[in-house]
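Subject: Structure handover

Hello,

Please find the structure below. My notes on it follow.

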Amino acid sequence: MKRRNLIIVTSILFGSLASAQGGSKSIDNQFNTLINKSTNYQTYKVIDKQELQNLQQNVADTISKYKSSLTANSSLNAQNKETVDALTQKLQTAEQSLKALTAKEEHFEVFGLSMQKELFQIIFIALFSALLLLIGIFYYRFKNSHTTTKDAIKNLKETEEEFEEHRRAALEREQKIKRQLQDEINKNKVVEPKPAI
């Protein structure tokens with residue numbers, strides 16, 4: 001009875017394993033064939049010893065095949081684990097490199113000072129705006145000075161013209177006065193008697 005239960009349990013166990021392989025020579029089919037070919041003796045089944053040994057050899061071969069397949073799968077799993085570990089390590093290295101590059105892109109050195117990109121942009125925009133403002137102020141002052149200089153030159157020319165006119169008038173007056181003086185001197189010379197000697 002125990003032997004029969006053992007055979008049934010073994011047949012179910014290996015039948016499920018062999019059914020994964022498929023084919024007409026599965027262990028389950030072999031057990032069924034063996035049981036069907038066996039003869040009855042009272043409540044026992046009589047099984048041919050050679051067929052039982054063939055079945056045992058097939059089961060041993062199947063178990064051996066599964067063991068080798070399991071060993072191959074274990075080594076393949078170990079290789080896959082090593083590959084996954086190596087890829088994980090590469091991924092971590094790549095992520096660290098990416099973080100370093102991102103930090104480097106976000107920060108850069110200006111005159112030996114580490115600065116964030118946004119802060120540099122704000123400072124650059126402020127300096128550029130200040131320069132534009134200074135250029136605007138200098139341009140306004142230059143234009144204003146240029147206008148003032150033009151007005152001063154114009155006034156200077158007008159003053160020079162007035163001065164030249166005034167000088168000419170003064171020269172004419174002076175010449176007129178000199179002529180009058182000369183005329184007076186000439187009149188006085190004619191009128192005065194000559195002293196006697």
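How many salt bridges does a search of the whole structure find? The search finds three, a salt bridge being a side-chain nitrogen of Lys or Arg within 4 Å of a carboxyl oxygen of Asp or Glu.

Before the details, a word on the source. This is a predicted model, in which local features need pLDDT of at least 70 and side-chain atom pairs count only at pLDDT 80 or more, while totals for chains, interfaces and linings use all residues. Residues are numbered from 1 along each chain as its sequence is written, and side-chain values use heavy atoms, with hydrogens and water left out.

Overall layout

The chain has four helices and four strands, where helices (H or I, at least four residues) and strands (E, at least two) are DSSP runs numbered from the N terminus. Their order along the sequence is α-α-β-β-α-β-β-α. Of the 197 residues, 8% count as buried; buried means under 20% relative accessible area, exposed over 50%, and partly exposed in between (1.4 Å probe, protein chains only).

The salt bridges

Side chains of opposite charge can pair when their charged atoms come close. In helix α3 (residues 49-106), Asp-85 and Lys-81 lie four residues apart, about one turn of the helix, and their side chains meet at 3.3 Å, N to O. Asp-85 is partly exposed at 42% relative accessible area, whereas Lys-81 is exposed at 53%.

Helix α4 spans residues 117-191. Arg-167 and Glu-164 both lie in this helix, three residues apart, and the closest N and O atoms of their salt bridge are 2.7 Å apart. Arg-167 is partly exposed at 42%, and Glu-164 is also partly exposed, at 30%. Glu-174 and Lys-178 form a salt bridge with closest N and O atoms 3.5 Å apart. Because these two are four residues apart in helix α4, about one helical turn separates them.

Surface patches

Patches are made of residues with over 30% relative accessible area and no salt bridge; like charges are joined within 9 Å, and nonpolar side chains (Val, Leu, Ile, Met, Phe, Trp, Tyr) within 5 Å. Phe-124, Ile-125, Phe-128, Leu-132 and Ile-135 form a nonpolar patch with about 540 Å² of accessible area together, the areas coming from the Shrake-Rupley method with a 1.4 Å probe, where for residues only the protein chains shown count as cover. One of them, Ile-125, is found in helix α4 and counts as exposed at 54% relative accessibility.

Regards
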